[in-house]
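Please open the structure in the viewer and keep the selection panel at hand.

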Amino acid sequence: MSDLFAAARNCLAAASPEAKVSASFEAAAAFARGELIIDAASPPPEPIRMPGRPPTPRMVHPRDLPRRGFGSNEGRAAFIHAVAHIEFNAIDLAWDAVYRFRDMPDAYYADWISVANDEARHFSMLRARLRELGHDYGDFDAHNGLWEMAEKTADDGLSRMALVPRVLEARGLDVTPGMIVKLRGLGDHATADILEIILREEIAHVAAGSHWYRWCCERAGIEPRAKFRELLREYATAVLHKPFNMDARRQAGFDVEELEELLAAAD
């Protein structure tokens with residue numbers, strides 16, 4: 001397979017965690033070796049649909065997910081599972097960004113292939129930690145909010161860049177530092193160490209979203225701050241919650257005005 005878009009579609013279609021991770025690592029390595037090309041003659045992207053998924057976890061509404069404390073192995077396992085599920089979705093989000101949006105610069109595809117590779121590695125680390133606690137991916141219920149936003153932005157790369165990396169995935173920048181502190185306080189340094197890696201690398205992922213959001217705005221002749229405000233009002237008010245990790249968000253490409261808009265829009 002030499003067509004990058006076909007390889008991305010193959011990663012999206014992979015259903016088992018093992019197959020998705022393996023396909024992602026292989027495709028990213030092949031691209032790095034120059035074996036996958038951005039082929040203008042590739043068939044256009046198919047309408048968005050659910051990517052390949054294992055039979056479990058069962059998808060439920062977010063309000064139906066039980067709240068568990070960190071004080072027990074079961075509670076920590078449920079938390080790790082929730083983060084692993086986010087990372088599993090993030091693999092598909094990155095590959096869909098490659099597959100769905102055409103006529104982008106080569107650097108755009110290189111960025112999102114790199115993100116997909118990172119997300120597959122993050123998921124693998126979390127799954128290994130989950131197994132150390134006597135569980136596996138699929139043992140707890142989960143929700144489908146990340147992919148639902150991908151569906152809403154399937155026809156517009158500008159909105160995708162604004163809302164998936166810069167809103168939903170950026171949420172991890174806000175909450176992860178507190179989770180690390182709690183885990184270290186409980187002596188769970190193994191999980192905290194994994195989250196430290198993820199936090200550091202997710203800043204770069206959100207920064208890629210910031211960069212390509214502004215690039216899309218410039219190409220379309222759209223003022224990015226006003227458009228971001230509009231998209232927040234239309235799609236994201238329910239998922240914006242204070243406090244924000246201002247330092248991490250600045251590193252990830254948010255300017256002062258955007259941070260002020262987030263604060264004004266959040267509950």
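In this predicted model, the largest cavity holds about 70 Å³ of space. A search of the whole structure finds 1 cavity of 30 Å³ or more.

To display its lining, select Ala90, Leu93, Ala94, Ala97, Trp112, Val115, Glu119, Arg160, Met161, Val164, Pro165 and Glu169. Colour next the elements that each give two or more residues to this lining: α3 (73–100), α4 (106–132) and α6 (157–169). Helix α6 provides the largest share, 5 residues. By class, the lining comprises 9 nonpolar and 3 charged residues, with no polar ones.

Turn now to the aromatic rings, which form 10 pairs. Select Tyr108 and Tyr109: their ring centres are 5.1 Å apart and their planes stand at 85°, so the pair is edge-to-face. Tyr108 counts as buried at 1% relative accessibility, and Tyr109 counts as buried at 0%.

Move on to Phe123 and Tyr137, an edge-to-face pair with 5.2 Å from centre to centre and 90° between the planes. Because Phe123 belongs to helix α4 and Tyr137 to the loop between α4 and α5 (145–152), this pair ties together parts that are 14 residues apart in sequence. Phe123 is buried, with a relative accessible area of 1%; Tyr137 is also buried, with 7%.

Next, select Phe5, Tyr108, Tyr109, Trp212 and Trp215, which form one aromatic cluster.

How values were computed: Residues numbered from 1 in each chain as written. Predicted model: local features only at pLDDT ≥ 70, side-chain atom pairs only at ≥ 80, totals over all residues. Heavy atoms only, no water. 1 Å grid on protein atoms, 1.4 Å probe; cavity = no way out; pocket = protein on both sides within 12 Å on 5 of 7 lines; lining within 4 Å. Points joined across faces, edges and corners; volume = space filled by probe spheres on them. Helix = DSSP H or I, 4+ residues; strand = E, 2+ residues; numbered from the N terminus. Nonpolar A, V, L, I, M, F, W, Y, C, P; charged D, E, K, R; others polar. Phe/Tyr/Trp six-rings, centres within 6.5 Å; stacked < 30°, edge-to-face > 60°. Buried < 20%, exposed > 50% of the residue type's maximum accessible area, 1.4 Å probe, protein only.
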